[in-house]
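My entries follow in the order I made them.

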Amino acid sequence: MTGNSIKIAAVARFVVSCLLFVGFVVPVRAEEAGFRPDKVILEHISDAHDWHFFTINNHPVIWHLPVILYVPKQGFTVFSSAKFEEGRVPHDGFQLLTEEYIEKYHLDPQKFLEGHIIAVHPDGSPNLDKPVYDLSLTRNVIQMMVAALLMIFLFTRVARRYQEAPHRAPHGWQNAIEPIVLFIRDDVARAFLGEKAEKYLPYLLTVFFFIWINALLGLIPGSANVPGNIAFTGVLALITLFFIVISSTRQYWGHILWPPDVPLFVKFILIPVEILSFFTKPFALMIRLFANMLAGHLIIISILSLIFIFGGLAVAAGWGFSIVSVAFTVFMYLVELLVGFIQAYIFTSLSALFISQAFETGHHHGSEEETVI
């Protein structure tokens with residue numbers, strides 16, 4: 001049997017196993033199980049103070065994470081999120097917001113989001129005059145730490161092998177990582193940054209693998225969708241903006257604040273556009289990665305939710321649609337494996353492009369930027 005035949009057979013066995021598994025699971029009625037697709041989807045894509053892996057016989061398997069709160073003039077407060085009992089009771093003057101609590105005290109759902117923590121009075125009512133700064137180790141934070149530890153483990157192991165035997169043929173993890181490192185070095189760093197590629201290569205490799213590993217971890221059932229969190233993408237975009245600023249030259253800012261070789265009246269039109277363009281670069285990085293990584297997870301959860309929606313109409317309909325739903329879900333999982341790599345590559349490439357424009361001459365001739373964006 002050839003290598004391609006083995007791969008095709010493995011994928012086929014995986015798909016058939018998923019279909020058989022779902023075929024033995026009888027879909028429950030939505031109204032009986034209290035199933036709400038919107039709530040399930042939002043819980044999956046949002047951050048949380050606990051890690052809900054799965055539920056067995058109505059008993060949830062949850063890892064309660066540490067809550068770290070800071071209140072001015074009061075100091076830090078640290079305790080386990082289990083103290084909140086999933087938001088049913090307050091603890092130590094704090095309340096984990098739930099949908100029921102927000103409705104009970106008529107809080108603005110646009111301002112007070114479910115899962116956030118606020119200060120409360122002894123009777124449990126909201127104390128909105130007391131600011132609370134949440135520095136907790138949430139689900140997204142823990143998963144980013146796991147991704148960082150995986151990166152440290154993989155790269156230190158590969159680097160140690162190169163140090164011990166620099167002339168030995170790559171093997172093991174070296175075979176997996178070396179082609180990607182060379183790809184980022186040759187087709188991204190050197191292509192955009194030229195002679196300064198080695199200076200920025202550590203950052204480009206770090207941001208690429210950090211996004212990609214988090215994207216792969218996010219496809220594990222029960223994990224967090226870190227790249228689909230706008231705070232995650234926003235911080236990465238700000239880091240790229242920092243590199244743009246420290247790499248910029250006087251000529252770069254001169255092109256922005258006083259464009260050369262244009263009439264005076266055009267300068268007053270072009271200057272605001274150039275300033276706006278400077279800030280839209282990190283904004284484009286943030287929104288592009290956030291939207292693409294969020295969309296895939298929304299589609300996967302929405303397709304799976306259709307099993308329970310059809311099951312609420314009729315058990316037979318739930319059984320029948322489960323086969324179609326799982327087939328599309330497997331397909332989307334395979335697509336998301338590719339999307340994670342592509343989005344990490346695009347973010348890294350645009351970061352290198354924007355950084356290169358900060359020190360290269362001919363700032364206004366960067367037509368490639370408009371083409372990529």
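**Helix packing and a pocket**

Entry 1. I began with helix 6 (residues 173-193) and helix 7 (residues 197-217), whose axes come within 9 Å and cross at roughly 130°. The model is a predicted one, and I read every value below with that in mind. Angles over 145 degrees would count as roughly antiparallel, so I put helix 6 and helix 7 down as oblique to each other. I noted their crossing as right-handed.

Entry 2. I then listed the residues in this contact. From helix 6 I have Ile177, Ile180, Val181, Ile184, Arg185, Val188, Ala189, Arg190 and Leu193. They meet Ala197, Glu198, Tyr200, Leu201, Leu204, Leu205, Phe208, Phe209 and Trp212 in helix 7. By class, I get 15 nonpolar, no polar and three charged residues for the contact of helix 6 with helix 7.

Entry 3. Next I followed helix 7 to helix 11 (residues 315-359). The axes of helix 7 and helix 11 come within 9 Å and cross at roughly 155°. That makes helix 7 roughly antiparallel to helix 11. This crossing, too, I recorded as right-handed.

Entry 4. Which residues of helix 7 meet helix 11? I found Tyr200, Leu204, Val207, Phe208, Ile211, Trp212, Ala215 and Leu216 on the helix 7 side. On the helix 11 side I found Leu337, Gly340, Phe341, Ala344, Tyr345, Phe347, Thr348, Ser351, Ala352, Ile355 and Phe359. The contact of helix 7 with helix 11 divides into 16 nonpolar, three polar and no charged residues.

Entry 5. I stayed with helix 11 and checked helix 8 (residues 230-247) against it. Their axes come within 8 Å and cross at roughly 25°. Angles under 35 degrees count as roughly parallel, so helix 8 and helix 11 are roughly parallel to each other. The handedness of the crossing of helix 8 and helix 11 is right-handed.

Entry 6. In helix 8 I listed Leu236, Ala237, Thr240, Phe243, Ile244 and Ser247 as meeting helix 11. Their partners in helix 11 are Phe347, Ser351, Phe354, Ile355, Ala358 and Phe359.

Entry 7. Which element gives the most to the lining of the second largest pocket? I found that strand 6 (residues 117-119) does, with three residues. The lining of the second largest pocket has nine nonpolar, two polar and three charged residues.

How values were computed: Residues numbered from 1 in each chain as written. Predicted model: local features only at pLDDT ≥ 70, side-chain atom pairs only at ≥ 80, totals over all residues. Heavy atoms only, no water. Axes fitted to C-alpha atoms, helices over the stretch in contact; angles between N-to-C directions. Helix = DSSP H or I, 4+ residues; strand = E, 2+ residues; numbered from the N terminus. Parallel < 35°, antiparallel > 145°, perpendicular 65-115°, else oblique. Left-handed = near helix turned anticlockwise from the far one by under 90°. Contact = heavy atoms within 4.5 Å. Nonpolar A, V, L, I, M, F, W, Y, C, P; charged D, E, K, R; others polar.
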